[in-house]
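Thanks for coming. Today I will go through how two parts of one protein meet, so please have a look at the structure first.

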Amino acid sequence: MEFSFPVTKTSRPKQKPDQNNLVFGMTFTDHMFEMTYDPERGWHDGKIVPYGPLMLEPSTIVLHYAQMMFEGLKAYKAKDGRILLFRPEKNAERANISNERMCIPLIDEKLMVEAIKQLVRVDRDWVPEAEGTSLYIRPFIIATDPYIGLRPSKTFKFYIILSPVGDYYKGGITPTRIYVEDKYVRAVVGGTGFAKVGGNYAASIKAQEEAGKKGFTQVLWLDGVERKYVEEIGTSNAFFKIDGEVLTPPLTGTILPGVTRDSVIHLLRHWGIKVAEKRFTIQEVYDAHAAGKLEEVFATGTAAVISPVGELCWKGITINVNNNQMGQCSRRLYDTITGIQYGKISDEFGWTVAV
Ligand code: COI
């Protein structure tokens with residue numbers, strides 16, 4: 001094996017949560033991965049250690065200027081006992097896209113995948129088996145220089161933590177109510193919208209909070225300049241099926257290049273369903289609805305999987321999508337992607353990696 005990381009086992013294993021009542025992102029496993037960067041040694045000293053608090057000086061760069069990045073992927077328990085990862089090399093590739101944007105030293109992508117595998121192996125008993133559950137994997141890198149002037153850190157830490165999870169949205173795949181956000185924006189070209197970095201998410205919290213108070217599940221982001229082009233849904237990529245064709249915004253710098261997004265586009269093309277990555281406006285979506293041509297809307301993401309949208313509200317006008325039901329196309333995508341992830345159907349694209 002090219003990479004092998006020493007393991008220090010916890011002396012106090014925790015009690016595992018009830019698999020049938022897992023709340024997303026609340027519980028963490030017994031171990032975590034940790035690796036250090038300094039200019040002399042580069043990335044070094046990768047190891048698996050007991051999960052626990054970090055010791056950081058209050059002046060640590062990441063706490064002030066958010067020089068960091070993170071990733072998100074899942075491990076799934078197959079019926080035959082195998083534990084599968086879904087396209088982890090895509091997460092490693094995207095980690096370096098984020099690193100490059102945030103002046104964080106690049107990481108060996110094979111090392112990152114291997115660290116994930118070895119950590120999941122150590123905590124394999126934490127991978128839940130109940131229907132719809134999985135082990136969420138959160139790799140992240142933080143800038144660790146104790147310094148409050150603004151410049152790139154010279155030192156970093158890379159961690160991977162694990163969390164057994166259920167559905168991201170409380171209602172599972174019940175269609176969501178989405179508020180079309182026209183006050184706040186998420187990203188502009190030249191910014192960090194395409195990178196998976198904490199700042200993007202911090203900037204989105206207020207809109208999500210306000211929409212939540214109005215009874216919506218999430219917001220649909222519009223472009224940051226004209227506030228008319230469709231961008232993303234909350235923390236997920238957005239897809240609209242209009243008159244037989246599936247549309248999704250292109251990757252022009254403001255949108256996260258989702259692994260699920262890429263898999264959905266691949267599957268749709270494979271099935272011969274027309275799919276276009278192109279800019280379109282929220283007005284076009286409303287016009288399509290008025291013409292009876294808006295067939296389905298859904299969000300895609302690691303946490304959200306395929307999440308159907310049942311309602312959109314823009315400037316006080318609410319439209320219903322597919323009578324508030326999950327559409328045929330979203331259902332087929334959901335069944336196929338989760339089927340491959342859980343090893344229930346054959347993985348003809350070679351997307352899964354056994355741990
Ligand atoms: C993911 O889908 O993996 C994300 O990072 C979204 C996060 C808000 C849970």
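By salt bridge I mean a side-chain nitrogen of Lys or Arg within 4 Å of a carboxyl oxygen of Asp or Glu. Across the interface of domain 1 and domain 2, the rule finds 1 salt bridge.

Some ground rules. This is a predicted model, where local features need pLDDT of at least 70, side-chain atom pairs count only at pLDDT 80 or more, and totals for chains, interfaces and linings use all residues. Residues are numbered from 1 along each chain as its sequence is written, and side-chain values use heavy atoms, leaving out hydrogens and water.

Now the two parts. Domain 1 covers 19–165 and domain 2 covers 176–341, with bounds from an automatic or database domain assignment. Their C-alpha centres lie 26 Å apart.

How many residues are in contact? On the domain 1 side there are 20, and they touch 21 residues of domain 2; contact here is heavy atoms within 4.5 Å.

About 1800 Å² is buried between domain 1 and domain 2, and carbon and sulfur atoms give 64% of that. Buried area is the accessible area, with a 1.4 Å probe, that two parts lose on being put together, summed over both. In domain 1, the residues that lose the most area to domain 2 are F86, R94 and R101, together 35% of what that side buries.

That is the interface; questions are welcome.
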